[in-house]
Amino acid sequence: MAGHPVEHADPDRGHPLVLSPYGAEEVIGAIEVLLSTRVTMGERVRAFEEEWARYCGSGHGVMVNSGSSAVLLMLAAMVETGQLQPGDEVLCPAVTWSTSLFPIAQCGLVPVVVDVDPKTLCISPKSVREARGPRTRAVLAVHLLGQPADMAAFDDLIVLEDACGAHGAMYQGRRVGGIGRAAAFSFFFSHHISTIEGGMIVTEDRAFADTLRSLRAHGWVRERSDRADWAARCPQVDPRFLFVSSGYNLRPTEIAGAFGLVQARRLPAWLERRRANHAAWCAELASLVEVFPEAPGTEHAGFAFPMITSGDRASLMAALEAEGIETRPISGSNLVRQPAFERVVGARAPVPLPVADRVHTHGLFVGNHHAFGPAHGARLRRIIERWSQA
Ligand SMILES: Cc1ncc(COP(=O)(O)O)c(C=O)c1O
């Protein structure tokens, strides 16, 4: 119904990657912002930051204009605070989104790309052990498509979470985002909750959050909790234009904050449906394609539904698309096989990537969404069964 988030979708009318996630409440929030004329980042963004950080079990949230910006800023702040030094190696799974990988090099760090686990498609603990060297300092734990990575696999490495597609997922009783030193989220249109475009970093560390706030907005002190200290230390500079780091401008608008506040309240009910879909569809399809059931000790957030076929992927995708089921490769698949990999300064892949390669050639995903249900899984089974018998 127009003006409301889509809550129930008829599978016979198609199975898109995404349905409209917002309704009248978000629009009213946005209109209130516009009418107030206080449209640049302000109190609604701050309120959403607090609410999201609390939800993740973390102390501080810093909202930005995308998930990609969140990953970039998180890594930039690690360098700015000296927790990582230029030239340090950061392990990154080969199967993830492009802008999980690129910011590592953009921040002067060295991306070391490793294989993913065949059961979860998240970073492989075995590959992490094999690829670690004397300069390896950190790992970017990507919770791919809603499945939490194995967070026990990283020993003494600094763990940064890319939770851009895993809102609300749980790992051994803890919500993703509140486990590593910091975590990045995306609120793009197709994600669990959306601010149209948007992202956030959460962290327990107040000083790190202050660095993020400077880097987010011009390098200035304005949103920092210690801005008065900086002003006292630099009496020769007007505190309104006091710059303390070399920053970017990655701020969200206040409209995004208004959206986020409403969307966050909707998430728990939506997550239940996504997780139930994931479990039900895995059961439906397990005999036809490789599926990825929730790993023990985790709660899957069901972002998109990945599969690997032993048959011809292009023909399976065509069969699904012909029935109105939208498909995509599994994120960037093996990023080492992407032309852009050559342009990622210093990036290397020191261990074999057989699982990522299989994802690259035989993997695909279809949409999961809170408006979908068991009937979508049953329809997928019928279509894939027919395709496999043809
Ligand atoms: C794992 C991962 N990281 C980063 C991003 C980038 O987020 P955004 O599209 O908001 O820039 C995405 C987007 O889906 C993602 O899935």
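Colleague: By class, how many residues of the shell around the ligand are nonpolar, polar and charged?

Modeller: This is a predicted model, in which local features need pLDDT of at least 70 and side-chain atom pairs count only at pLDDT 80 or more, while totals for chains, interfaces and linings use all residues. Residues are numbered from 1 along each chain as its sequence is written. Ala, Val, Leu, Ile, Met, Phe, Trp, Tyr, Cys and Pro count as nonpolar, Asp, Glu, Lys and Arg as charged, and the others, Gly among them, as polar. On that basis the shell has five nonpolar, nine polar and one charged residues.

Colleague: Which helix gives the largest share of the shell around the ligand?

Modeller: Helices are DSSP runs (H or I, at least four residues), as strands are (E, at least two), numbered from the N terminus. At least two shell residues come from each of helix 3 (67-80) and helix 4 (98-106). The largest share, three residues, belongs to helix 3.

Colleague: Which residues of helix 11 are buried, and why are they said to line one face?

Modeller: A residue is buried if 20 or more other C-beta atoms, placed from the backbone, lie within 10 Å of its own, exposed if 12 or fewer, and partly exposed in between. In helix 11 the buried residues are His376, Gly377, Leu380 and Ile384. Seen down the helix 11 axis, the directions from the axis to their C-beta atoms fall within an arc of 95 degrees, so these buried residues line one face.

Colleague: Which residues are exposed on the other side of helix 11?

Modeller: The buried residues of helix 11 were His376, Gly377, Leu380 and Ile384. On the other side, the exposed residues are Arg382, Arg386 and Gln389.
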